[in-house]
Amino acid sequence: MMLQIGKTSRTAGAKDLLVILSDPSLLRNLDLARNDRQYLLEQLKEEKQVAVCDISGRLVMVHQVAKGDRSRQLELVRRAGNTMALKLQEAKREEAQVVSLQDDAALTLALVEGAALGAYTFNRHKTEKQPTALKKLSVVAPEVKAEALQELVDVCECVYTARDLVNEPASHLSAVQLGEAAQELGKAAGFSVKVLNKKQIEAEGMGGLLAVNRGSLDPPVLIIMEWKPKGAVNKQPVVLVGKGVTYDTGGLSLKPTPNSMDSMKCDMAGAAAMIGTIAAVAKRKLPVHVVALVPSTDNRPGGRAFAPGDVLKMHSGLTVENLNSDAEGRLILADALSYGERYGAETIITAATLTGAAARAIGTQGSVVMGTAPEERFAMLQEAAAETFERLAPMPFWEEYADELKSDIADLKNIGGALAGQITAGKFLARFTTRPYIHIDIAGTAFLDRRDHYRPKGGTGVGVRLLFQFLKRRAAAN
Ligand code: BES
Ligand code: MN
Ligand code: ZN
């Protein structure tokens, strides 16, 4: 559950305060003793990210907005909001008040966003529940519209949902259970959900998804979600496809223990991103037609597991020589991409924890992006990336990379050479769609092994804020 956030017009004297201002002289608007104000001013002069004054147990925390680059300015405010939320949690406060002493609504919202995203915890499996947690923020900010605040709350809730799905271990989240979770969310948020079972997947001829599933004790699913509002701006939908590998052992190409499997419950983070995104779009009733597809299974070794050397007949009709059962994500995504052909998407977007190479290339500070969509679509996505600070590093997508996927005996093989693995993986996927295509590899950003400001250790929910903002821009484009 996310904390409760709402607007109020009254300042409560006794509450802990999270203050945002552009000019320190505005501290005069707060009812503070002179020495307390002086103490805060000194900290702001030293450019402390968050100035803190403890007034006999009451915390007054102040962030002064930095000048300069807009994207970074917003991010620094989010980080300050996170710092404040952590201080509140440390002090075991359940409630506090945000006070804005400046008139840029987006900056005030960023402070709230940083606090909300930073306050996330995942303690479902702890028998001793945390005795207190931050539960409520009231926002005193005349410049912020109630609807804008509600949008922020809705999107943050969907980020929480995505994080919960990623953090939930495979012992508690099988492919079928992921389908059930999507169905519940669909009911709550108002989008439609259909889940294809193994029989239906067989009837569709999804040889990639079925091959990866062969070592599993549990059946696969294909989750089909749709938000189709009256008056949508687009004639053809935007189709989102998320990798839903609930656990990746590498299959018969077993990952080397120790450590490399520890976080592989995160291998459905692309699915979580797309489920969270369509939920946010539906909650906010964006006038844009969106379809989200999630192929899902775990990837395990076993007597029936698909083996290196096997040839698979894919949903599209292409044949693939499997030369590494750990390159499973592209096999299930390929089937979902070609299943997606029926929608005639204006843009089709994949999000996937697809390659270690993506993480090696740029680390955890951003995801890599590539594809065949027109420049304007990438530009719209980059605007959303700058706004949300879910940054995207474009990769080259030259034809020659695809040459590495030539197979001796089938139409293509599922691995390229030792270099640029994130790009050859993208090239593999691009063979399975004819639509304008964008691929986002979130292997570096989906799951962190230590906290980074408001991105917690574990699942980050990356993709939800980014794609919601992308679709919001698309909805506004006509
Ligand atoms: N799920 C992994 C990629 C991954 C690695 C995600 C680390 C998050 C963190 C993917 O299925 C995988 O195993 N990819 C292989 C591909 C290789 C066999 C071509 C990889 O990156 O090593
Ligand atoms: Mn793998
Ligand atoms: Zn994987």
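In the predicted model, Val-320 is paired through a bridge with Leu-412 of strand 17. This pairing belongs to the contact between strand 13, which spans residues 319–321, and strand 17, the two running parallel and being joined by two bridges. Both strands are part of an open sheet of three strands with mixed pairing, in which the order is 12-13-17. Because strand 12 (311–313) and strand 17 (412–413) each have a single partner strand, they stand at the edges of the sheet, and one side of each is left without a neighbour there.

Strand 18, comprising residues 437–441, takes part in pairings of both senses. With strand 14 (residues 347–352), strand 18 pairs in the parallel sense over five bridges, whereas its pairing with strand 15 (residues 367–371) is antiparallel and extends over four bridges.

Helix 8, formed by residues 269–283, contains 15 residues and reaches 21 Å from its first C-alpha to its last, a span close to the 21 Å expected at 1.5 Å a residue. The helix is mostly covered, with 14 of its 15 residues buried. Helix 8 is followed by Lys-285, for which phi is positive, near 50 degrees.

Oxygen atoms of ligand 1 are approached by polar atoms of both side chains and backbone: a polar side-chain atom of Lys-243 lies 3.2 Å from an oxygen atom of the ligand, a polar side-chain atom of Glu-328 lies 2.9 Å from an oxygen atom of the ligand, and a polar backbone atom of Gly-356 is found 2.7 Å from an oxygen atom of the ligand. Taken alone, ligand 1 exposes 520 Å², of which the protein buries 77%.

How values were computed: Residues numbered from 1 in each chain as written. Chains lettered and ligands numbered in written order. Predicted model: local features only at pLDDT ≥ 70, side-chain atom pairs only at ≥ 80, totals over all residues. Heavy atoms only, no water. Polar contact = N/O pair within 3.5 Å; in protein donor to acceptor, adjacent residues only side chain to side chain. Areas by Shrake-Rupley, 256 points an atom, 1.4 Å probe, with all protein chains shown as cover. Pairing = 2+ DSSP bridges. Expected span 1.5 Å × (residues − 1). Buried < 20%, exposed > 50% of the residue type's maximum accessible area, 1.4 Å probe, protein only.
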